[in-house]
Amino acid sequence: MIATDQPRRHMRARAAILLLLAVATLASAWYWVRLGIPVALAAAPSGRIACVSYAPYRKVGESPFTLGYRVTPERIDEDLKALSRHFDCVRTYSVGQGLDQVPAVARRYGMKVLLGAWLSRDPIENAEEIALAVKVANRERDVIRAIVVGNEVLLRGELPQRTIADHLRAVRAATGLPVTYADVWEFWLKYREVAPAVDFITIHILPYWEDKPVAIDGAIAHVDAIYRKMQAVFPGREFLIGETGWPSEGRQRWQAMPSRVNEARFFREFMTFVEQAKLPYNVIEAFDQPWKKKLEGTVGGYWGLYDDDLRDKFPLSGPVTEEDRWWVGLIVGFACAVGFGLFGLLLGKPRSRLVSGPTVARALAGFFIGAIAAAQVRHFVFANRDVFEWALTIVTTAVAVATATYIAEQVARWVARSPGDRGPGCVSMAEAFGKREAGGDRAALLNGALQGFWLIAATIVNLLMVFDARYRDFPSLLFAPVIVGYAMLALTGYIDSARSSRIPAASREIEEKILSIGLVVGAVVIVAMELPINASADLWALLCVTFAVSAWANSGLKSGRRARVGEQRAPLPAPSQAPAFRP
C-alpha cells in the first residue's frame, strides 16, 4: 500500500509546489504592476493652496534637534521660491535656527506667514523664543497673519494650559497681532482654559493618526465632522484647520493606507471641500522630512507635497501612479527567472530540459525571489533612517535571498527525481545547533540552522509588532521568500515524514513548538489589534501561520535521497511482489 501510494503522493507534492510558486510569482508580479496603474482622480478646483507648513529640514541629516544648525537665507529663498508656485502662505513652527528670516523672504515672493513660536518644558528657552518671535513680528508685521504660540504642547504634556494661556496674552500685548495656539482637536476639548486666550482656535485633524484611523474613503467626511463638532463645542469662535494631510509612505493603520495616490486624492478632495465650505486652512506639509522617521517611523517622513529635491510628488489634476518606475521590479524578476532557469539547464544536477518541472520551478522561484527582493530594496530606501538600519537591512535581505535561493534549488532538484526519493530534509534546531546528536546530511543541517535563525527573527519581530507597533512597518517583503521556501520543504516532506530516530520524539522539536505556537498567537493578536480590515496585518499574520506550520512539519526531517551518485535505486516492489512478513 505504501509503495503504490508513494508515486501518487510524489505527484501531489510536485503539483502543490509548482502551484505555490505560481501563486507567489503572480503575487509578486501584481505588486509591481499595481504600482504602475494610473488611478483617475478628481482634479483640484485650483492650482493655488492657501497655506502650508514649512520646515527646511528636507535633506538627510538635517534636523531641528541638531545643535548649532542654522538654515541659510539661500535655502529659505530656494524653498519659498518653489512653494510660491502653489502656496500663498507658509506656517512656521519656530523662529530659531534661522527661521526668523522667513517673513522677509516670504515678502519677496508675495507670501504671508503664520509665524510660529516653539514652546517646550524649558522656561529659559521659551522666554528666548517668545522674545525673538515678538521682535520678528513687530519688524515684519505686514506679512504676518498671526502668531502661533506653541504647537501640540498639551499633546506632548510639556506645559500646563494656564502657562500657555499666559504666553499667548503676553505675545498679543507685545505685538497687537492675532495670536493662536495649535493642537490636535481632542486636546482643545480636554483643556479648555486655552481657548479664551486665543483670537481663533487652530485645530489639527489628521485622519490617519486618529486613535481609530480613518480610511481614505472617509477622510474628508471625517474632517468635516470634526470641524462641525468643534463649532458646536465652541460656538461663535473662529477656527483654522492648522494641520491636515495624508502620508505617501509607511505602515497601514486599520484601513488607513499611506500611498502616493491616496495623498493626491486627499489633497484634491480636501481643496474642493474647503473651497465649497469657505474654511481657512493650512496643510501639512511642504516637503518630506527624513528626520521625522526617527520619531514616527517610515510614515513620519512622507507628508510633504514636494520631495526633498523640490519636485511635486503628484499633480493637482489628471491620473496618478504610485510608482513611476514600476517596471524595474518586473525586469529584476524576469532577469532572475532566466538566471535560475539557465543554471538548471547548464549546471544543475541532474540537468533539466528546457520545458520540465525543475526548469519551471527554478524560473518561477527566480522571478518571485527577484521581484520581492527589488520590492524590499524599494521599501528600505524609503524606511531606513541611519547607517545601522542600512547595514541591517542589506545584510538581512541578502541572507533572505540566499536562503530562499538555496531552498529553491534543492526543491527543483527534488522535483526532477523519481517517486520514492525523500525530500531535501530539514533537521530540528536541536540537531542543527549541536545541542543533541545530529542526524541528516549537511543540506538538512543547514536548512535546520537557517530555519531556526528565521524562526527566532520572526518571533522577535512579532513581539515588537504586538507590544510596540505604532511606528513599525510590517516586514512581509523580507520574510516572504524565506517562508515560501520552507513551505515548499514541508511539501517535499509530505512524501516521507520519517524523523531522525536518534532523538526522542517528546523532546526533538521543543524549540520549534514553542516558537511556532508563539508565532500563531502573535499573529492572532496582531490581527485583533489592527482588525481584519488591515490587509498589511492580515498578510503578515498569514505568513506567520504558514511559517509556524511549515517549521513544525520540517523539523527533524531526514535528508534521505535514496539515489546518490554511484548508487543504484532499488525498484519499488509491486503490490503482488511485496515481501512476506518474517519474524
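Mentor: The sheet is open and has seven strands, in the order 1-2-3-4-5-6-7, with parallel pairing. Strand 1 (52-53) and strand 7 (239-243) are its edges. Each has a single partner strand, so one side of each is left without a neighbour in the sheet. Two strands count as paired if DSSP finds at least two bridges between them. Strands are DSSP runs of E with at least two residues, helices are runs of H or I with at least four, and both are numbered from the N terminus.

This is a predicted model: local features need pLDDT of at least 70, side-chain atom pairs count only at pLDDT 80 or more, and totals for chains, interfaces and linings use all residues. Residues are numbered from 1 along each chain as its sequence is written, and side-chain values use heavy atoms, with hydrogens and water left out.

Strand 1 pairs with strand 2 (residues 89-91) in the parallel sense, over two bridges. Here S53 stands opposite R91 of strand 2.

Now take strand 5 (residues 179-184). Six of its six residues are buried, so the strand is mostly covered. Buried means under 20% relative accessible area, exposed means over 50%, and partly exposed lies in between (1.4 Å probe, protein chains only). Strand 4 (residues 144-151) runs parallel to strand 5, and three bridges join them. In that pairing V148 faces T180 of strand 5. Strand 5 is also joined to strand 6 (residues 201-204) by three bridges, again parallel. There, A182 has T202 of strand 6 as its bridge partner.

Next, a helix residue. Q161 is in helix 6 (residues 161-175). Its relative accessible area is 16%, so Q161 is buried. Leaving aside residues up to four places away in sequence, Q161 touches L154, Y191, R192, E193 and V194. Contact means heavy atoms within 4.5 Å. Take R192 from that list: Q161 and R192 are 31 residues apart in sequence, yet 8.2 Å apart in space, C-alpha to C-alpha.

Then a helix pair. Helix 8 (residues 219-233) packs with helix 9 (residues 260-277) at an angle of about 40 degrees, and their axes are 9 Å apart. Axes are lines fitted to C-alpha atoms, for helices over the stretch in contact, and angles run from 0 to 180 degrees between N-to-C directions. The two helices are therefore oblique to each other. Under 35 degrees counts as roughly parallel, over 145 as roughly antiparallel, 65 to 115 as roughly perpendicular, and the rest as oblique. Helix 8 contributes A219, I220, V223 and D224 to the contact, and helix 9 contributes F266, E269, F270 and F273. By class, that is six nonpolar, no polar and two charged residues. Ala, Val, Leu, Ile, Met, Phe, Trp, Tyr, Cys and Pro count as nonpolar, Asp, Glu, Lys and Arg as charged, and the others, Gly among them, as polar.

Finish with the loops. Q97 is in the loop between strand 2 and helix 3 (102-108). Its phi is near 55 degrees, a positive value in a residue other than glycine. At 22% relative accessibility, Q97 is partly exposed. W254 sits in the loop between strand 7 and helix 9. W254 is not a glycine either, yet has a positive phi of about 50 degrees. W254 is partly exposed, at 22% relative accessibility. Last, E285 lies in the loop between helix 9 and helix 10 (293-296). The peptide bond from I284 to E285 is cis, with omega near 0 degrees.
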